[in-house]
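Please examine the sequence and the structure shown below.

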Amino acid sequence: MRLLKTALLTGAFAASMMMTAAVAQDIKIGFIVKQPEEPWFQDEWKFAQQAADEKGFTLVKIGAEDGEKLIAAIDNLGAQGAQGFIVCTPDVKLGPALVAKAEANGLKMMTVDDRLVDASGAAIESVPHMGISATKIGEAVGQAILDEAKARGWALAEVGAIRVSYDQLPTAVDRVEGAIATLKAGGFPEANIFDAPQAKTDTEAALNAATTVLNAHPEIKHWVAFGLNDEAALGAVRATESVGITADNVIAVGIGGAESAINEFKKPDPTGFVGTIIISPKRHGYETALNMFDWVANDKAPEALILTAGALATRSTYEAVRKDLGIE
Ligand code: GLA
């Protein structure tokens, strides 16, 4: 405040410059993610930090794998004097509790990736949100799978699909249902689509879920697989490998395009992981952090709902696609 007063005395221009600097220094914004070890979330943090460095505010990165940790993290941000936070919650049903917690701590809240729901399961529209266009991106997954199956000359009646699912998360349902709608429209037999519910959204949980499906259907000749993210698709691929199904009989397409997918593309021999829909951690990290900064510093609330797009990448195209999206 002392800084501000001096500035006001030295003319309007100098005043506004110094105010921005003084305000930015005092701003602290939290960025809480549900799965800090997942490359997607590491990238979000990286790009959010870029926004903090550019604007001069402090970014507090917190991993909260369950509701208890998340509630403690919000209280902690409040105690530290933060003004707002961005969150990808471990459980969207915590919605009303998080809204109350943020309010009690005087913190502005924006969600990223996973949108909060109320007690009836409806999206909480009062909390600004940035997520992916889940259905569209799921459809792109389905199309990529169909195209590859066609290129390999597979008869769809002989193909099984592993739907790696996490149905308590609406964006996960939208993604897999988008893929299924496109597969069915392309002639994929509905009876050959098998649900593989995962207990967590990581590779290991997907591997376990997919293994159960594979063991139950030895009659299937070729397999396709898809799910919430790259980890889901990769888990299914690891499952096929572990039961001895060769890569030429597997087509899995993920969503994400972060390190887990890229490392797979870099393997000398192609695996069953043939593609990923690359989404933008830059938009989800950098842009949400800027949105929150603007909200705190300039009282400019973010748009209520921002949906981001994706682009298919394969072993042979991922470098160019990443470059196009400005993520390297
Ligand atoms: C969810 C998934 C992440 C990632 C994001 C993208 O949070 O769990 O792996 O796909 O959506 O929005």
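A polar side-chain atom of R175 lies 2.9 Å from an oxygen atom of the ligand. The ligand is surrounded by 13 residues, of which the closest are K34, E38, D113, D114 and R175; a residue counts as near a molecule if one of its heavy atoms lies within 4 Å of it. This is a predicted model, in which local features need pLDDT of at least 70 and side-chain atom pairs count only at pLDDT 80 or more, while totals for chains, interfaces and linings use all residues. Residues are numbered from 1 along each chain as its sequence is written, and side-chain values use heavy atoms, with hydrogens and water left out.

**Ligand surroundings**
- An N or O atom in the side chain of E38 is 2.6 Å from an oxygen atom of the ligand.
- For D114, a polar side-chain atom lies 2.8 Å from an oxygen atom of the ligand.
- D113 lies in the loop between β4 (108-112) and β5 (129-132); helices (H or I, at least four residues) and strands (E, at least two) are DSSP runs, numbered from the N terminus.
- D113 counts as buried because its relative accessibility is 7%; buried means under 20% relative accessible area, exposed over 50%, and partly exposed in between (1.4 Å probe, protein chains only).

**Backbone angles**
- Most residues other than glycine have a negative phi.
- D113, although not a glycine, has a positive phi of about 70°.
- D299 is not a glycine either, yet has a positive phi of about 55°.
- D299 is located in the loop between α11 (281-298) and β11, and is exposed, with a relative accessible area of 62%.

**Aromatic rings**
- Four aromatic pairs are counted, where rings of Phe, Tyr and Trp (its six-membered ring) pair if their centres lie within 6.5 Å, with planes under 30 degrees apart counted as stacked, over 60 as edge-to-face and the rest as tilted.
- F194 and W223 form a tilted pair, 5.9 Å centre to centre with 55° between the planes.
- This pair links distant parts of the chain, since F194 is in strand β7 (residues 193-197) and W223 in strand β8 (residues 222-226), 29 residues apart.
- Both F194 and W223 are buried.
- F265 and Y318 form a stacked pair, 5.4 Å centre to centre with 25° between the planes.
- F265 lies in helix α10 (residues 259-266) and Y318 in helix α12 (residues 318-325), so the pair ties together parts 53 residues apart in sequence.
- F265 and Y318 are both buried, and ring pairs link F265, F273 and Y318 into a cluster.

- S260 has its place in helix α10 and counts as buried, at 18% relative accessibility.
- The side chains of S260 and E231 are joined by a polar contact of 2.9 Å.
- L305 is in strand β11 (residues 305-308) and counts as partly exposed, at 36% relative accessibility.
- L305 and G56 are 249 residues apart in sequence and 26 Å apart in space, C-alpha to C-alpha.

**Confidence**
- The mean pLDDT (the predictor's confidence in each residue, from 0 to 100) of the protein is 94, and 93% of its residues reach 70 or more.
- Over residues 1-11 the pLDDT is below 50.
- Where pLDDT is low, the predicted coordinates should not be read in detail.

Methods:
Contact = heavy atoms within 4.5 Å. Polar contact = N/O pair within 3.5 Å; in protein donor to acceptor, adjacent residues only side chain to side chain.
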